[in-house]
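Work through the exercises below with the sequence and the 3D structure at hand. Each task is followed by a solution in steps.

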Amino acid sequence: DRLSLIHTTTTTTTMVSFRKKKSSKAAGKAGADDVATPKGAAPQADDSRDEQPAIPSRPPTMDDIPDLLATMEKEKGEKAANATKRIYELCDVGHKQNRVPMVCSGKYDVLTPLANCLTQESGDGRHLACLALNNLSIPTENKRVMALGPSSAAVIGGLCKVIAEDKQESYLCCICLMNLSFLEASITTMLQHSPVPEGASPVAPLDNPESLIRILEKLLKNAPAVPKSGSGKSEGVRWACGLIKNLAKSEENAAMLGKTDIPKCVVENVRNSQTPPSRWTSNSLEDFSLFVILNLAQWPVSKESLVDAGAVDVVKPIMAEGDLQGLKATMACSFLGASWGDFPETGSAAAKSISELMTNIIEKKGKDGQYAYGVFKLYTATKAYRDLSAAASEDEASTKVLAVPSAVALCFQVVSDLVMAADDEANGGSKYVPDVKSAEYSAGAICNMLPAILQAGDPPRKSIQTEKACGELATMFTQYSKLEGTSEEGKECA
């Protein structure tokens, strides 16, 4: 089966569905439209990849769903597969309007029968169920039902079973799970998936070889060092890394992932790449793997596993890239404790790219051709700037590279916006309300840059405006230190 991907404008919302292709081949053979993204263009919206089984004598309608589900549950073999095919056709790229009603209307349960099809030995029914579940997993409304609703255990369990058994549809199951993981409210619950026989006591995910985390670990560990591009095995590993990229956004998940061999595997993916970073495409194995490294590196509970895997030496050369991969590598190296001398151009490129990212997040915009708004969190960018300033803090001259007026003002703004958001009577804050962590990291960055910020002018100058500004900053940091939720580290910096 030929499958091609269209990238979305937001790499955090890359969904994959399946499109029909007119073909002269025998009915029942799957195909796909080849759609290319213009070279150098930003990823485009709604990833749609649809495959077509044989065309039925009469196109199915939504009214047919109860009968089709009954056939799927009662029949076996060709009859069940044909009913599954019709369910798929109702949610294919030509019938996107049906996807939400099929899952969220409450009229029927299409998820459990489709999940049951994943456990069939019959390849046709299993393949069609994978295609249907992929298409149904795209709408945001459906993600919550599929990942957290009554059928979630059956859906996630069925997808995990196909991956664990290394079926040819494994990569489709990884894509479906990745689609569901774009709902951030679901990622902690998803990684806790740890099935046990009915009536048995619960088993922690790390102690259960049938848990999602151990199945993903096994998939990555068993992959060849240089998998054949486009093969089922390489596609499974690629989309598994895309799933892990999303799962690693949670600190709780990162703590679990750090206790597996997954960090080592993603570092090896980057180390073994035969493609220069400048040519890594969005959603490639290397792109996903570097994202996993970045997301795990920002959490103290998982970054040591990356250090032990030699991530710093693998990622350092990528910082010289002036694009998205260079930005990711720069932030990862700041989290992993790289020394100031490791950053290219005496740190100026790192300071510029991360402060630009902070600005874009606050202004709710992306950067053309590189990333869309929402790909990076403000707490990630502010922590990277804090850690970068910590690496430079031993030398005042180095700190000056970071302590440019625009960056310092940005850090002040993040703290100020949090203070103003906590004051119901305050007006004039920005349109972006930061989280407590972002304010803590911004305060930490200011603390690290103080020697450069407070350096006397030549000649020394005094003004009423400066004295007034200093008084306002002192008041702001006093208020910040008293906010509920401010950590001890944040209070110390204030």
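**Exercise 1.** Which residues line the largest cavity?

Solution. The model is a predicted one. Step 1: count the cavities; the structure holds 2 of 30 Å³ or more. Step 2: take the largest cavity, which holds about 80 Å³ of space. Step 3: list its lining, which is made up of Lys-249, Phe-291, Leu-294, Asn-295, Gln-298, Val-375, Phe-376, Lys-377, Tyr-379 and Thr-380. Step 4: assign elements; α14 (285-297) and α19 (378-392) are those that give two or more residues to this lining. With 3 residues, α14 gives the most.

**Exercise 2.** Sort the lining residues of the largest cavity into nonpolar, polar and charged.

Solution. The lining of the largest cavity has 5 nonpolar, 3 polar and 2 charged residues.

**Exercise 3.** Describe the second largest cavity.

Solution. Step 1: its volume is about 40 Å³. Step 2: the lining consists of Leu-357, Asn-360, Ile-361, Lys-365, Tyr-371, Ala-372, Tyr-373, Gly-374, Val-375 and Phe-376. Step 3: sorted by type, this lining gives 7 nonpolar, 2 polar and 1 charged.

**Exercise 4.** Where is the pLDDT below 50?

Solution. Step 1: start with the whole protein chain, which averages a pLDDT of 85, with 84% of the residues scoring at least 70. Step 2: find the stretches; the pLDDT is below 50 over residues 1-14, which have 66 contacts in the model beyond near neighbours in sequence. Residues 20-56 also have a pLDDT below 50, and this stretch has 103 such contacts.

Methods:
Residues are numbered from 1 along each chain as its sequence is written. This is a predicted model: local features need pLDDT of at least 70, side-chain atom pairs count only at pLDDT 80 or more; totals for chains, interfaces and linings use all residues. Side-chain values use heavy atoms; hydrogens and water are left out. pLDDT is the predictor's confidence in each residue, from 0 to 100. Contact means heavy atoms within 4.5 Å. On a 1 Å grid over the protein atoms alone, a cavity is a set of points where a 1.4 Å probe fits but cannot get out, and a pocket is an open set with protein on both sides within 12 Å along at least five of seven lines; lining residues have an atom within 4 Å of a point. Grid points are joined across faces, edges and corners, and a volume is the space filled by probe spheres set on the points. Helices (H or I, at least four residues) and strands (E, at least two) are DSSP runs, numbered from the N terminus. Ala, Val, Leu, Ile, Met, Phe, Trp, Tyr, Cys and Pro count as nonpolar, Asp, Glu, Lys and Arg as charged, and the others, Gly among them, as polar.
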